[in-house]
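Welcome! Here is a short tour for someone meeting this structure for the first time.

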Amino acid sequence: MKNEGMKTTYTIPVGPIHPALKEPIRLDCKVDGEEIVDVDVVVGQVHRGIEWLGMNRNNPIQNIYIAERVCGICNISHPFAYIMAVEQAAGITPPERAEYIRVIIAEMERIHSHLLWAGVAAHEIGFESVFYLVWRVREEIMDLMEYITGNRVTKAMFQIGGVRRDITEEQFPRIRKTLDYYKTIFNQLKTVFLDDRTIRMRTRNVGILKKEDALKLLACGPTGRASGVTKDVRQDQVYSAYADMDIKAITPDVLTETIVGDVYDRIVVRLLEVKQSIEIIERCLEEMPPGEILVEPKMAKLLNTLKKAGGEGVGRHEAPRGECIHYVRLESGRETLATWKIRAPTYVNLMAVPTMLKGAQIADVPIAFASIDPCISCTNRAVVVDTKTNKKSLLTNEELHQLCVEKTRKLSNELAR
Amino acid sequence: MEILSPEEIVESFKTALGASFVNAKIYQREVAVKKNLFQSIWIYVKRDAFRQAVEHICKLQEYPHLAVISSSDLGDSVELIYHFTIYYGHHLKELSLGLCLNLPKNDLKIPTITDIIPGALFTERETQEMMGVEVVGIPDNRRLFLPEDFPEGVYPWRKDEKGPYDMLRVLPGREKK
C-alpha cells in the first residue's frame, strides 16, 4: 500500500461559486483521503474594473458612490477610506462633528456585519435556528440605519469634506434604544455561540492560523487579531473621531485567556467587537461636538477645487473584515482621478486560507473559509477531479453543505450518548 | 522596540541607503477634537537599493504590514508605491510609509520581495498583470484577476498605447475616442 505510484491525491476545486458566502471564488483543494494537503486560491470572477471607472470615467464626487458599491456589506468602509484619501490629496479638513458622525455610522456597520457573519457561520455548520435568531437580532440595527440614513444598504452618508446628513439630538433616544437592546441580548448571544458544546467541537482547533503565519501573510482584521496580532487601524492610526477615544484591539485572550487562532477564536473576537462598537457609539453620542457637517456644501465649487488640486493621499479604515485602504492621486486639471488603488481586507486574508485549510477535512472547508468572513461576491458546485483517471465528479453546493452539517450532527449525537 | 519619529526614520533611510536615497516627504494633519497628529511618510528611492530599503523597513519593525502596491502611469515612466505601515499594535503610533520608485517605461522590472514578506505575492501578481511591470523572481507567475483569455500585452492601468482602449465597447451612434 505504500507504493508511491499508487498514491491518490485528488484535486477538489471548490467554487468559483462558493458554498460559504455565495460569492464567486475557487479553492482548488488537493486532498489525500479526507485530509487537505494543499490549497490554491483562484480569484477574479467578479472583477468589475471599478478602479478603471474612477480613473477614466467618473469625477471624484461620483466616485464616492462607486466606492460605496464595491461591496454591499462594507458600503461604509470603502467611501470612508476613499474620502480620507481624497481629503489628504486635496488638503481638505472635515469638520469635527462630521468625524463623529462618520464613526457612528461605521460602527453601526460593524455591528450589522458581524451579526450577519455569525448567522452565516451558524448556517454553515447546520444550526439553522441560531441563524434565524441572529438575523432577526440584526434587523434592529438595520432599522436604525434606515432611520438615520434613509437606507438599509447603500447609505450615501459620506461626502468629501464631511457627511451629507446630520444626526440630531432628537434622534439620540432612538439610537440609545437599539444600543440598549443589544446590551440586553449580548449575553444570550455569547451563551449560544461560546458555551454550546457542539459549536465548540466544530470550531475549536479548526482552521488554525498561527501568529507568525498571520504576520508573514499580512492577515488583518478579526482574522489577524484572533491569531494574536494586535493590529486594529482604529487603535493604531490617528484618524477621524477614533483618535479621541482609547480603543484597544481585541484579542481572544481577554475572554478565554489563550490564543489558539482557530475558528472559535474568530467568533470570540467578532462577538466582543460588537460590544466594543456599542461602547464607541455611546461615547460618540456623549462627546459629539456641535458645528457644521460639511466644509463646502456647494458641489460645483467642491468639484472645481478638486479639479485644480494635485497631490496624493492614502486613506485607511478598519472595516469589519480588517484594514481597508485606498490610494488616490490627483493631477491638477484632470477631471478624473489619476490613480485609484483599492485594497479590501479579504485581499490579504485570502492568502492565509491555504495555511488555515492544510490538514483540515473537506467537511471543514465551509466553516474554516467562512471564518475569515470573505467578501468576494457566490458557489453552486464543486468538481471533484480524480487525478489518476482524470474523471470528474460533481459535488454540488448542497452536498458540500450537507457534508458539513452531517459532521455537526455526528458530533452532537456522540455528545448525547 | 524603539519607536522613531518620522524625521528620525527619514534620517535612518538616508544613512542606510546613501546615494540611492532620492527624496522624502512627511505629511502631517491634526485630527478631530483632541488634535492628535496624523502622520505619513513618503520615501523615494532608486531601484538598485529597493530591496535594501525593504530590509531596512523590516529593521524598524520585524513584520511591517505591506498593504498594497499602487502603480501610476506617468507618461515616460511608471511610479510604484509600496504602501507599508509600521508600528502597528501601539496606540496611535502607527505610521503609513510609502516606498516610492520610478521605473522608466523601457525597463519595467522590479525584484520580488516575497522572500522577505511572503504576503506580497498577490499584489505583485496584480501589478504584473495590470501595469506590465515584470516582477523578477516571483514564485507564482500566473495572472490573478484577469481571465486566462485576456490578450497578452494589454495592461488595464496603462494610459499609453498598451492600455485596454481597443477593447472598449462603443455605444451605437458614438465615435470611438
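What follows covers a helix pair in chain A and a sheet in chain B.

This is a predicted model, where local features need pLDDT of at least 70, side-chain atom pairs count only at pLDDT 80 or more, and totals for chains, interfaces and linings use all residues. Residues are numbered from 1 along each chain as written, chains are lettered from A and ligands numbered from 1 in written order, and side-chain values use heavy atoms, without hydrogens or water.

**Helix pair in chain A**
- Helix α5 (residues 128–149) of chain A packs against helix α6 (residues 172–195) of chain A at about 165 degrees, with axes 11 Å apart; helices are DSSP runs of H or I with at least four residues, and strands are E runs of at least two, numbered from the N terminus.
- Axes are lines fitted to C-alpha atoms, for helices over the stretch in contact, and angles run from 0 to 180 degrees between N-to-C directions.
- α5(A) and α6(A) are therefore roughly antiparallel, a label for angles over 145 degrees.

**Sheet in chain B**
- Five strands build an open, mixed sheet in the order β1-β2-β5-β4-β3 (chain B); strands pair if DSSP finds at least two bridges between them.
- β1 (21–31) and β3 (65–73) of chain B are the edges, each with a single partner strand, so one side of each has no neighbour in the sheet.
- β3(B) runs antiparallel to β4 (residues 77–86) of chain B, and eight bridges join them.
- Within this pair, I69(B) has Y82(B) in β4(B) as its bridge partner.

Key: Parallel < 35°, antiparallel > 145°, perpendicular 65-115°, else oblique.
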